[in-house]
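Hi everyone, thanks for making the time today. Let me put the structure up on the screen, and then we can walk through a few spots together.

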Amino acid sequence: MKAPKWQRYRNNLKQDAGKNGQVLACTFVNDNWLALVKLNDKNVLLQAVKETAVLAIGDCVKLVLRKGEKVAPENPLQYRLKVEKI
Amino acid sequence: MIYIKDTYATKTGELWDCGLSDLLKEVIANIDTSQVDAVYVGNMLGGVLNEQLNLGAKVATIIGRNLPVVRVEAACASGGVAVNQAWQALKAGFYSNVLVIGVEKMTDFSNEEVARALAMAADNTTEFNNGVTFPALHALVAQAYLNKYNLAPAVLDAVSVRSHQKAFADDKAQFHKKITEDDVRASAMVTSPLKLYHCSPISDGAAAIVLSTEQTDLELAASVTLASREFALADRSDLTSFAVVQEAVAKLDLSELEIVEVHDCFVIAEIIALEDLGIMRKGQGWQEPEHVKVNVRGGLKAGGHAIGATGVKQMVTLAEEMRTHQYQLGLAHNVGGVGAQVALNLIKKR
C-alpha cells in the first residue's frame with residue numbers, strides 16, 4: 001500500500017477509536033460479527049472483536065482499535081477498528 | 001418512439017464450454033445485426049475476472065463491421081443502464097437501430113475470486129476495505145427489515161420456493177429444481193439470516209435486444225436510471241427501502257403494470273423491490289402479489305444472475321412473455337449494489 005493511503009487509513013482509525021454507538025443491523029458471517037453501528041455523527045460498518053458475544057440490533061457498543069488476525073504483520077491494515085459490546 | 005425489435009438470450013448457468021467470447025458470439029449469431037448502427041454492452045467483471053477490457057473492439061470484431069460500441073459498467077445494473085443509454089441515443093436521433101448486449105462470464109473463477117470482484121461494487125473505503133461481501137450487506141438489510149416489521153426469518157423461505165417453481169417455465173434457467181421451505185431451512189447459513197437458498201447463484205450468460213425507431217408491437221416507453229447519493233449502506237437513512245429506487249419509480253406511471261422482472265439477487269432484495277415499486281405495502285413484500293406477475297421465469301434467484309447480462313435478460317423475458325400472453329405493460333427493475341444504482345425500463349404493448 002502506498003504511504004498516502006496508509007496515512008488516510010490511520011487518520012480515519014484515530015478519528016473514530018473510543019466512540020460509543022448502537023447496533024443498527026448485524027450479521028454473523030465467516031465466524032465474525034459484522035455490524036452497522038450508529039454513532040452520534042454518522043454510521044459505520046465494522047466487524048466485532050472475536051471475544052464479543054452475540055450481537056443484536058439495539059446493542060450498545062464501543063469502537064476499539066485492534067490488531068487483525070488474518071493479515072500479514074507488515075500490512076498496515078493489520079490494525080482495524082472493531083466493535084466491542086458494552 | 002423507441003421499439004423492441006429482436007431479442008435473444010443464451011442459457012444462464014455454469015456454462016463450462018463457453019468463454020466470454022463464445023457468449024458474445026452466440027448472442028450476435030442469433031440477432032439480425034445487419035441494420036445495427038451502434039452497440040451498447042453491459043458488463044461488470046470483464047476486466048477484474050476475465051482480463052478482457054476494450055469489449056467494444058471485441059464486439060465489433062465479432063459483428064464484422066467498424067461500429068461505435070460503448071461498454072457500460074454499473075455493477076449488477078450494467079445491463080439495465082446499457083438499455084437506458086441505447087434508448088437515450090435513439091431518442092436523441094443519433095441512431096436508428098441499436099444493439100444492446102449484456103454479458104458476464106463468472107464460473108471460471110473460485111467463489112473467493114468472484115466474491116472479491118463483486119465486492120468492488122461496494123464502497124471501497126468503508127465497505128470493501130472492511131472485508132464486506134454482498135451477501136453480508138444484504139443480510140444487514142434483511143436483519144433490519146425483519147426487526148422493523150417484527151417478522152420471523154421464515155418469511156424469507158417462501159420467496160425462494162416460489163422462484164424455483166417458476167424457473168421451470170424457462171428452458172434456459174440455471175436451476176430446474178423444486179425446493180420446499182424445509183429445504184431452504186436446512187440449507188447452509190451464509191450470513192445470518194440469509195441461507196444458501198436465499199441467494200442467487202454465480203452464473204455465466206449473455207442476452208441481447210435490438211432497439212429501433214422502426215415500429216414493432218413492443219415500445220420501450222420509458223427508461224430511468226439513477227445512482228444513489230447514499231452509496232455506502234452506512235450512509236442510508238433507511239435500510240429497509242432504497243430511496244433511489246423510489247425516486248426513479250416516481251417518474252413512471254405503473255398503475256396498470258401487469259408483469260415485472262425484479263432484481264432478486266437475494267430474496268430480501270425482491271421483498272424490498274416489491275415495496276419500493278408500490279406493488280406491495282411496507283412490511284408485506286414477502287407475500288406474492290395478486291395483481292402483478294413477478295419474475296415469471298424464476299428471476300435471478302433461480303433463473304441465474306450473470307451480472308452484466310441480467311438487465312438485458314430481464315428485457316428479453318418481458319418481451320417474450322408480453323408477446324405470448326398479451327400483457328400490456330411490463331417493467332424491468334435492475335439494481336446495482338445494495339440499492340446504489342437502479343435502471344427501470346418500461347415496456348408497452350402496441
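Let's begin with B:Asn97, which has 8% relative accessibility and therefore counts as buried, since the cut-off for that is under 20%. Please keep in mind that this is a predicted model. You can find B:Asn97 in strand 4 of chain B, the strand that covers residues 97-104.

What does the side chain of B:Asn97 make polar contacts with? One partner is the side chain of B:Lys5, at 3.1 Å, and another is the side chain of B:Ser212, at 2.7 Å. Leaving out residues up to four places away in sequence, B:Asn97 also touches B:Gln35, B:Val36, B:Asp37, B:Ala38, B:Leu90, B:Val210 and B:Leu211, among others.

Now, over to a pair of helices. In chain B, helix 3 (residues 78-91) and helix 11 (residues 307-325) have axes that come within 5 Å and cross at roughly 60°. The two helices are therefore oblique to each other. Helix 3 of chain B contributes B:Ser78, B:Gly79, B:Gly80 and B:Val83 to the contact, while helix 11 of chain B brings B:Gly308, B:Gly311, B:Val312 and B:Met315. Sorted by type, the residues of this contact are 3 nonpolar, 5 polar and no charged.

Finally, let's look at how the chains meet. Here 16 residues of chain A are in contact with 20 residues of chain B. Between chain A and chain B, about 1,500 Å² is buried, with 59% of that area coming from carbon and sulfur atoms. Which residues of chain A lose the most area to chain B? They are A:Thr27, A:Leu45 and A:Ile57, which together make up 31% of what that side buries.

Definitions and conventions:
Residues numbered from 1 in each chain as written. Chains lettered and ligands numbered in written order. Predicted model: local features only at pLDDT ≥ 70, side-chain atom pairs only at ≥ 80, totals over all residues. Heavy atoms only, no water. Axes fitted to C-alpha atoms, helices over the stretch in contact; angles between N-to-C directions. Helix = DSSP H or I, 4+ residues; strand = E, 2+ residues; numbered from the N terminus. Parallel < 35°, antiparallel > 145°, perpendicular 65-115°, else oblique. Contact = heavy atoms within 4.5 Å. Nonpolar A, V, L, I, M, F, W, Y, C, P; charged D, E, K, R; others polar. Buried < 20%, exposed > 50% of the residue type's maximum accessible area, 1.4 Å probe, protein only. Polar contact = N/O pair within 3.5 Å; in protein donor to acceptor, adjacent residues only side chain to side chain. Buried area = accessible area lost by both parts, 1.4 Å probe.
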